[in-house]
Amino acid sequence: MWRLVPPKLGRLSRSLKLAALGSLLVLMVMHSPSLLASWQRNELADRRFLQLNKCPACFGTSWCRRFLNGQVVFEAWGRLRLLDFLNVKNVYFAQYGEPREGGRRRVVLKRLGSQRELAQLDQSICKRATGRPRCDLLQAMPRTEFARLNGDVRLLTPEAVEGWSDLVHCPSQRLLDRLVRRYAETKDSGSFLLRNLKDSERMQLLLTLAFNPEPLVLQSFPSDEGWPFAKYLGACGRMVAVNYVGEELWSFFNAPWEKRVDLAWQLMEIAEQLTNNDFEFALYLLDVSFDNFAVGPRDGKVIIVDAENVLVADKRLIRQNKPENWDVWYESKFDDCDKEACLSFSKEILCARVTVDHNYYAVCQNLLYRHATWRGTSGGLLHDPPSEIAKDGRLEALLDECANPKKRYGRFQAAKELREYLAQLSNNVR
């Protein structure tokens with residue numbers, strides 16, 4: 001029932017990276033001809049590099065024309081495949097341009113998983129379809145659970161996908177209708193009827209939902225409507241494109257105090273928006289670290305750039321079904337674990353209560369609290385406040401109560417007062 005979440009795998013230590021870079025230099029010398037070819041070739045126009053051949057065991061095709069026409073190109077070092085062994089998370093930076101617009105803009109490309117995770121996905125599909133670890137994915141997909149909704153199936157229902165990923169750990173019909181209606185990898189988006197999608201599109205939707213639902217989070221809760229997520233652009237094969245937001249939040253850890261206060265206020269506002277909104281969907285962040293947020297270079301806006309682990313609870317459904325203790329406020333338990341950016345929570349409780357403080361807890365404990373630690377550095381984003389603020393003691397008291405409350409339901413009140421206090425400080429320093 002309870003889950004203790006450590007940071008994601010693939011975050012290598014600096015010493016390992018330095019050793020890897022040394023090995024890379026040797027490899028670069030040994031492979032200089034292939035290195036030059038890799039630099040000159042636009043692999044983002046290569047169908048096999050995009051793994052388009054694996055569709056419908058892929059994430060979509062809406063951006064294939066742009067990729068195959070050469071409108072998307074890697075930035076500098078991203079062209080070197082020798083660097084891929086350092087890129088465990090399979091995230092790339094690229095430039096995209098429309099011929100009519102002129103100029104280019106930066107985009108982020110994601111394979112939505114490591115090479116190992118993607119290989120495991122292929123093996124699981126093949127084993128379910130053929131009993132063997134290797135197969136033709138095109139032939140195998142219609143023989144898996146991803147094809148269970150092919151044909152004349154009207155709706156995507158909770159019974160079909162419940163528990164497949166964090167996004168649909170406890171899905172309501174209202175949430176699933178929203179996912180289908182806003183699904184961007186079809187020409188006929190806008191309808192909640194599943195039967196309006198082609199069979200290949202249904203399989204892509206279900207595979208994305210099970211493997212890494214981040215694209216569906218970005219599509220269903222788009223930045224254009226004020227949600228604090230990166231903008232989804234499209235996909236081709238197993239490459240997803242999202243808008244580049246800016247530098248990661250960690251880059252601002254030692255920014256001027258005024259900037260850090262503003263960022264902290266925005267983080268608390270995000271926690272509030274995802275918890276309480278007019279749509280009555282609670283979006284709980286299950287993985288919160290400095291790497292999962294970025295800051296816009298022009299507007300300074302904080303945006304969530306990793307939305308794989310987001311659990312969505314439908315408050316309307318909870319009120320309707322009235323599970324046990326549904327109307328009792330739930331206060332997350334502080335966990336002083338020995339790992340960086342870990343959280344303790346119960347998905348079952350998040351799905352069964354209307355009033356939950358999880359997002360406040362996650363932001364305070366992992367980003368703002370004085371004991372928040374990331375990359376071996378502790379102190380939280382609001383470390384080393386000006387002497388007058390430190391002497392006053394109010395900020396430290398609110399952060400302590402928000403992260404590790406001493407009073408019953410103390411975090412709810414502390415989070416409210418912290419948002420107001422940070423807003424006041426922001427106005428004072430501007």
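This short talk covers salt bridges and strand pairing in one predicted model.

Some ground rules to begin. The model is predicted, so local features need pLDDT of at least 70 and side-chain atom pairs count only at pLDDT 80 or more, while totals for chains, interfaces and linings use all residues. Residues are numbered from 1 along each chain as its sequence is written, and side-chain values use heavy atoms, with hydrogens and water left out.

I will start with charge pairs. Side chains of opposite charge can pair when their charged atoms come close. By a salt bridge I mean a side-chain nitrogen of Lys or Arg within 4 Å of a carboxyl oxygen of Asp or Glu. There are 19 salt bridges in the structure.

Please find Asp122. One of its partners is Lys54, with 2.6 Å between the closest N and O atoms. Asp122 sits in helix α4 (residues 115–130) and Lys54 in the loop between α2 (32–40) and α3 (64–68), so this pair links distant parts of the chain, 68 residues apart. Helices here are DSSP runs of H or I with at least four residues, strands are runs of E with at least two, and both are numbered from the N terminus.

Asp122 also forms a salt bridge with Arg238, and here the closest N and O atoms are 2.7 Å apart. Arg238 is in the loop between β5 (232–236) and β6 (239–243), so its pairing with Asp122 in α4 ties together parts that are 116 residues apart in sequence.

Asp122 counts as buried because its relative accessibility is 12%. Arg238 is buried too, at 0%.

The next pair is Asp314 and Arg174, whose closest N and O atoms are 2.7 Å apart. Asp314 belongs to strand β11 (residues 310–314) and Arg174 to helix α7 (residues 173–181), 140 residues apart. Asp314 is buried at 6% relative accessible area, whereas Arg174 is partly exposed at 26%.

Now the strands. Two strands pair if DSSP finds at least two bridges between them. Strand β3 (residues 91–96) and strand β4 (residues 105–110) run antiparallel and are joined by 6 bridges. Tyr96 has Arg105 in β4 as its bridge partner. On to β6: 4 bridges join β4 to β6, again antiparallel, and Val108 is partnered there by Val242.

Note on methods. Buried < 20%, exposed > 50% of the residue type's maximum accessible area, 1.4 Å probe, protein only.
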